[in-house]
Amino acid sequence: MTGTTSAAGTTTGSTPATVRPGTLTLPAAPLGPENPLPPLHPLDEAHRLAPAELAVLPPDAARQATYAPLTSVLPTRLNDGYGRAREATEIATLVLENDRLRATVLPGWGGRIHSLFHKPTGRELLYSNPVLQPANFALNGAWFSGGIEWNIGATGHTTLSCAPLHAAAVPAPDGGQLLRLWEWERLRDTPFQIDLWLPAGSDFLYAGVRIRNPQDTTAPVYWWSNTAVPEHPGTRVLVPADSAWHFGYRRRLRRVPVPGTPEGPDHTRPGHGDHHPADYFYDVPAGARKWIAALDADGHGLVQTSTAALSGRKLFVWGTGPGGRRWQRWLTEPGTPGYAEIQAGLARTQLEHLPLPAGEELSWLEAYGPLTADPARSHGADWAEARTHTGRALETALPAATLDAALAAWRPHADLDPGEPLHTGSGWGALEVARGGYELPGTPFDPAALGPAQRPWLALLDTGRLPGHALPAAPPGPTLVARAWREKLECATPGGPLTDYHLGIAQWHAGDLAQAVRSWERALAGGPSPWPLRALAVADARAGHPTRAAERALTATELALAEPATTEPALTALATEAVTALLTASRPDAARALLDRLPASVRARGRLRLLAARTELALGQREAARALFDEPFEIPDLREGEESLHTTWAALTDEPLPAHYDFRMRPEDGPEPA
């Protein structure tokens, strides 16, 4: 069907887009239960800079890199209960489709766009992962690779990576339907929405994004849209920039030329660039159009562009070395092509947060679609010619004026009430709306979504106290830590051990460590309990008392072992911390004794297998430690950038690290790669 194109990119006479539910069957590892222990330990996040490194950045970026860094993922919990065994799983999808494109969205998995299929050419524009394998990359653990992901909250992959979002269809500006996704982001208490719109006859998927701050204080905000693209032989990433900030896993920031130095690798060609994984944050000129593209050797591929508010652009490469390649196989299945990520964000780098004043909002429009360029020009040696030619190809395919007009056309629709729910997210937004009385047109948080995790806090809101007095045998439910909830806990009447336990977590999050310790000590007045004991162990370790920390962590685990109501996830988490604390306190004999008492299913977890090897090494039993490595094991929750596997191996033997244990993401020594 043909027709004329409107200012917003709609082709008149074409069929308007529709939204429909569907399913997708993938080999998937179950997400498993959350870790029931509140995440009190310091945040392990790779994007941190030493003060000296900030001097590389422009002054405004340096200020933003030190503004409101995240120190904890509270009030969320860690998702580390997944494994590596995959089975065919039916996954709910929402499909947005016009006569040119088909976008397949996973509303139960962070709203990830799993596939963007271009019908006229029969091309899949994304790296669409053939499996769903959680891995420890998100701020709170579980994340998976592939497609287009939406990262909000703080530096890193969002805590919503594997979480359900609310979803519904909404009238689109061209008379079709757009797909709205929304949730309450809990790290910064900022509700957000993503409106996916396929104008009739358009080759481009639009994503209208809005972040709101309904609070009475300024909120730090962060956003990066990450797109996984196939790493075909000859793939090149193009962007309107001549320099970039290189950030590797040594956590050093350097300004480098684009596409690279004459004597170094061309990092815009992911298959031939860095040996190790690295980020390239591009210095896109303020007045330039914002875009980034990945094109194969024939000049075909995907382009992402946006209106001016989404100003940052980045390339992430896994590198050509064994560690990066091992990670790629770990995240998918053998024989699957590699991928790179082209990304777009609110700031120059992912080291930064921006202030969003009270009562205000940010919004912009992104577009994703096919792009074709002359490969002799886009892939040639002259970088200025390559980026200029590709930018002109984008302007022909989707003029900047068309994108600006689409933003203006979408913006009035952002407040429209969504229709019948197509998917339901969490109940936390409904709880916050009940507490704050917020009016949020376009993103209703239905009280029907309130569930067991929210009900105790709704009772605190309604009655001034939490239901229950004593600490339960099973782990207590999640804790809310924002100032308004902390004040309600402080005023709760009557209090009791359960209230004191939650209050201590909220005080710890606020940085009032001494008061947190006093609250947890009060919680123990009603009798011994693993939960405040474990919290006190964390506090002891933070205060530099490893012996006392180890003793408390051990006691907490022993109490849990003696209690039939203790769940396996709770026991696994307690034992992991206790063995770690005992090794830190130079008590490997006690660590081994504890490991021997654990149920076989807990000892078999990869993390505890590694701790067992470290324990044997500390006891001088190298053969026993080596035997644990000789029977290959996997650590499903191995952290991005974690070095425990190869450092333990190096302490054990001078032999080369076996390939299945090689997850190294940084150079061991020598100069930083160019």
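Predicted model: local features only at pLDDT ≥ 70, side-chain atom pairs only at ≥ 80, totals over all residues.

Biologist: How many residues of strand 12 are buried?

Modeller: In a regular strand the side chains alternate between the two faces of the sheet. Helices (H or I, at least four residues) and strands (E, at least two) are DSSP runs numbered from the N terminus; buried means under 20% relative accessible area, exposed over 50%, and partly exposed in between, with a 1.4 Å probe and protein chains only. Strand 12 (residues 205–212) has 8 of its 8 residues buried, so it is largely enclosed by the rest of the structure. L205, A207, V209 and I211 point one way, and Y206, G208, R210 and R212 the other.

Biologist: Which strands pair with strand 12?

Modeller: Two strands pair if DSSP finds at least two bridges between them. Strand 11 (residues 190–197) pairs with strand 12 in the antiparallel sense over 6 bridges, and Q193 stands opposite R210. Strand 24 (residues 361–372) also runs antiparallel to strand 12, joined by 8 bridges, with A367 as the bridge partner of Y206.

Biologist: What do strand 19 and strand 20 form?

Modeller: Strand 19 and strand 20 form a hairpin with 4 residues between them, and G299 in the turn has a positive phi of about 90 degrees. The two strands pair in the antiparallel sense over 6 bridges, and I292 stands opposite Q304 in strand 20.

Biologist: Is S243 buried or exposed?

Modeller: S243 is buried, with a relative accessible area of 14%. It lies in strand 16 (residues 243–248). A polar contact (N or O atoms within 3.5 Å; within protein, one able to donate a hydrogen and the other to accept it, and residues adjacent in sequence counting only if both atoms are side-chain atoms) of 3.0 Å joins the side chains of S243 and R255.

Biologist: Which residues of the lining are closest to the centre of the second largest pocket?

Modeller: A pocket is an open set of points on a 1 Å grid over the protein atoms alone, where a 1.4 Å probe fits, with protein on both sides within 12 Å along at least five of seven lines; lining residues have an atom within 4 Å of a point. The second largest pocket has a volume of about 730 Å³. Of the 30 residues that line it, L187, D189, Q215, A482 and R483 are the closest to its centre.

How values were computed:
Residues numbered from 1 in each chain as written. Heavy atoms only, no water. Points joined across faces, edges and corners; volume = space filled by probe spheres on them.
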